[in-house]
Amino acid sequence: MRSRFFLIAVFFLCVKTYVLYKFGFRIQSENPLQEVLLLMNPISSAVLLIGLSLFFSGKVRNIMVVVLSTVGTCILYFNLLYFRFFNDFLTWPVLFQTSNAQDIQGSIVELVRWADLILLIDILVLLYILFKKAVPLHLRSNREVVAMLAITALLFSLNVSVAQLERPQLLTRAFDREMLVKNIGIMNYHVYDIYVQSHSKAQRVFAESSDIDEVIRYRNENYKEPDADMFGIAEGKNVILISMESIQSFVLNETIDGEEITPFLNQLKEDSYYFDEFYHQTAQGKTSDSEFLVANSLFGRESGSVFFTHAGNEYNSLPEIVNEQGYYSTVMHANNKSFWNRDMMYLQFGYDKFFDIASYTVNEENSIGWGLKDVDFFEQSIDLLKSQPEPYYTKLITLTNHFPFELGEEDKMINEFDSNSGTLNRYFPTVRYMDYALEQFFERAKEEGIYDESIFILYGDHYGISEYHHRAMSLFLGKEKLTPFDHVQLQKVPMLIHIPGHEPKVSHSISGQIDVKPTIMHLLGIDTREDIQFGTDLFSKERPSFAVLRDGSFITDEFVYTKGSCYEKASEQETQLEKCEPFFEKAKLDLGLSDKVIYGDLMRFYQ
Ligand code: GP9
Ligand code: MN
């Protein structure tokens, strides 16, 4: 047969993709049709990718078969590494965030496994066949190329038709990446992603000044009056925001071997305004997404990081707004300034200064994992805070409690957890360490007279433990199995507003990072009526108890909607979809209009 070598390579790539679906990405199918889709969806792209070799003749063609198989393997492998970190598939904007790559080297070592070498077996077999067996040489034939393209098109149409049966409107509706990969395959998904991303670039070009009108109308309809007693109470005080790395609410008030994981936060929340139903709303942009939400009351992107893709946009950000009120606005974070493209985006946000790694003394003794240890970071930040003109608005971003959660023995104050997930096990000692660092910071702030002159806002930036570790997590939570409902509940992060001298109060209102900007503005006595924002002051008596997550899941007082199902909070069980329906519109508009502002760069039309 003329193209036996070619077919063997296609077969290998398909098998490898399927094996990775099952064991690498842990994709589960709910019915036989889904399983059929998983088996068939790698074929069309494998034929096309390796089929590119047909454009060549003779020896080159055979070598190209091996080269293209290797390219396919690399694409799969990058996805696998990314998946181990983020429990998600790669998207193009993420790939171009190369400046992050050098910073996550430590994490990559943690992600690579010896067993991954298995992925090279078929390449070795192909090389063996190529050099040891005489693979026949063929001239380039246009008929062959046309046949290959026709077969690709046919297979792809067949794939999409079956996928449509399984998931109507798959490509037109809002999607999650796993669903796409499951249905059309990982390679085709990447092609689709290129289309979507270039589409969003085009959106800016086609946006018109009148596009902002719809957003303004929506804002006006949703504006809520601030609480009269809280409005302006912090005017003139320093505002200190602390972005706590990877902390989730489930660690609060919990113990490991009888030792509290967050003794300081547990005590501080008893002495603060504490919001126990507060959710992170980030996606792939992680910390940068949380920063974006807090600064703008706009949602980050569904994929990639808005810090990279829309750093040139016009924004009306909090650092700039408070600056106009006489505040000196800064960020303190001991990492390279280009990480997450912060140096670029912060210019747009209007910060007066970014104290990056260059403002800190960082050496081997005071570093672990991603860099400067939190205790040293806070200690050194005290001097920086004191050097600033008052009043100031400063955000401090912690780092130690970051995946892969490394910590020196001398800093371990509690035991690791005992489960099959090293990540989850190590998480608790690093959370405990961050909690200790916070305690030290508050003590020092008191000693230095900073405390009485300031208000403190502490929030978790995003989850630390991904869905990938659900089995170990269920062990910690004492649950048999974690459901999508549990997963949404786990997206809660701590949120405390500590105002010295104020009586503590707990709010159970469902809320999220989108609500921070209006809250801070009102505390400082700044009117928000004219600002474009998608959140509501956490203290407002009129606020809707509602949070929508970036993947479209949402939470109300009674229900949780996620992955196409509606759950009743009281019973934690799935219920009729109709119960969640009244909130679909709000969830869709919140995310959709916010996206519209970003993709169209609409703030440039708004003064
Ligand atoms: C990097 C730090 C961590 O500077 O903020 O970023 P993350 O990986 O959590 O988004
Ligand atoms: Mn983070």
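How are the donor residues of the manganese ion (ligand 2) spaced in sequence? Keep that in mind as we walk through this predicted model.

**Stop 1: the metal site**

Select the manganese ion (ligand 2) together with Glu245, Thr287, Asp461 and His462. The spacing of the donor residues reads E-x41-T-x173-D-H. Here the pair glutamate 245 and threonine 287 links distant parts of the chain, 42 residues apart. Glutamate 245 sits in the loop between strand S1 (238-244) and strand S2 (255-256), while threonine 287 belongs to helix H13 (residues 286-296).

**Stop 2: helices H1 and H2**

Next, color residues 4-24 (H1) and 32-51 (H2); their axes come within 8 Å and cross at roughly 140 degrees. The two helices are therefore oblique to each other. Look along the crossing and you will find that H1 passes H2 in a right-handed way. To see the contact, show side chains including Phe6, Leu13 and Tyr21 of H1 and Leu38, Pro42 and Ile50 of H2. By class, this contact has 15 nonpolar, three polar and two charged residues.

**Stop 3: helices H3 and H7**

Finally, select residues 58-86 (H3) and 121-132 (H7), whose axes come within 10 Å and cross at roughly 175 degrees. That angle makes H3 roughly antiparallel to H7. Asn62, Ile63, Val66, Ser69, Thr70 and Thr73 of H3 meet Ile123, Leu126, Leu127 and Leu130 of H7. The residues of this contact divide into six nonpolar, four polar and no charged.

Conventions. Residues numbered from 1 in each chain as written. Chains lettered and ligands numbered in written order. Predicted model: local features only at pLDDT ≥ 70, side-chain atom pairs only at ≥ 80, totals over all residues. Heavy atoms only, no water. Axes fitted to C-alpha atoms, helices over the stretch in contact; angles between N-to-C directions. Helix = DSSP H or I, 4+ residues; strand = E, 2+ residues; numbered from the N terminus. Parallel < 35°, antiparallel > 145°, perpendicular 65-115°, else oblique. Left-handed = near helix turned anticlockwise from the far one by under 90°. Contact = heavy atoms within 4.5 Å. Nonpolar A, V, L, I, M, F, W, Y, C, P; charged D, E, K, R; others polar. Donors = N, O, S within 2.8 Å, 3.2 Å for Na, K, Ca; no water.
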